[in-house]
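Q: Could you show me how to read a strand and a cavity, starting from the general idea each time?

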Amino acid sequence: MLSDLMGTDVAQGFLLRRDALACGIDDNALARMVKRGELVRIRHGVYASRAAWGALSGPQRHRVHTRAVQALYGEHVAVSHTSQAIADGAPDWGHDLRSVHLTHLAGGGRRHAGIVHHEGSLRVPDLSRSPEGWHTTPTRTVLDCCNLLSTEAGLVLANWYLHQRLTTVEELEARYVELQRSPRTLAVRMVLRLADAGAESVGESRFLYLLWRAGLPRPVLQWEVRDGDVLVGIVDAVWPELGVMAEFDGKVKYDRLLKPGQSPADAVFAEKVREDRLREVTGFRMIRPIWSDLDRPDRLVQRLRRLLFRAA
């Protein structure tokens, strides 16, 4: 029976009850399809193929859920806040994906059945349109998210948008000035003060946040090391005046370094050769925090203090 629904939104990852009814499939038939395991009900009036839904990650499910909710509300809303960030492909670290965020173009400001309805305070420069409908622009999305998330998660998100060149600090600052009525203005201000387009990953942004919380000096990001005219490498973070380098290590990073036909062990060895060369050319010390270090911040801060103090 699912084949009868092709051509409706089920092909986009979801099926609206109203579309099923228009195809002659009533509530009893939908209930039988759910019972047989063909469909899964993802919210009131919205279904998805159970097989397809089961194969989706958390952010992918949120995107489908968001598109379905947007289809239900039509032209009266814009997808916003973390829901638009997920739609843009931003990292979901620190996000609560249980609710879809919408900003009503008139009215709003409530929470209901997995949807957070925000008050309509959007201006023309805050809005963009896709085939699915209205959504907030990157600049407005970042500022809205910083009002919603922790400072650390807001910094991760802001740095991603900056690194992708979807907005700039100048654009964020200008729009921020016009939105200072928010009760979390101070949190947004802090994110903008710390934001840096040089942070290439969630880990690097979290590392910057840790340094700030610990009162440690801010490093230069993406620092080029050259031996004459030859580029030896680009280091994640460097304190040139202290002679210290930091590279945030993670599995994703090594996966990215893999070349065709190269094994993970080959990539690790090549990175070791690169690090030795960086040390040789600069004479700097190196620290390589890993993801688990961020969950033990006190220990990492102690290591950093010892290294920076010794180098000084």
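Q: Is strand 5 mostly covered or mostly open, and how many of its residues are buried?
A: Keep in mind that this is a predicted model. Strand 5, residues 100-104, is mostly covered, with five of its five residues buried.

Q: Which way do the residues of strand 5 point?
A: The general idea comes first: side chains in a regular strand alternate between the two faces of the sheet. Here, Val100, Leu102 and His104 point one way, while His101 and Thr103 point the other way. Both sets are buried.

Q: Which strands pair with strand 5, and in which sense?
A: Let's take the two partners in turn. Strand 4 (residues 77-79) pairs with strand 5 in the antiparallel sense, over three bridges. There, histidine 104 is the bridge partner of valine 77. With strand 7 (residues 115-118), strand 5 pairs in the parallel sense over four bridges. On that side, leucine 102 stands opposite histidine 117.

Q: What lines the largest cavity?
A: The lining residues include Glu204, Phe207, Leu208, Asp236 and Phe248. Helix 10 (202-214) and strand 11 (230-239) are the elements that give two or more residues to this lining. Helix 10 gives the most, with three residues. By type, the lining divides into six nonpolar, no polar and three charged residues.

How values were computed
Residues numbered from 1 in each chain as written. Predicted model: local features only at pLDDT ≥ 70, side-chain atom pairs only at ≥ 80, totals over all residues. Heavy atoms only, no water. Buried < 20%, exposed > 50% of the residue type's maximum accessible area, 1.4 Å probe, protein only. Pairing = 2+ DSSP bridges. 1 Å grid on protein atoms, 1.4 Å probe; cavity = no way out; pocket = protein on both sides within 12 Å on 5 of 7 lines; lining within 4 Å. Nonpolar A, V, L, I, M, F, W, Y, C, P; charged D, E, K, R; others polar.
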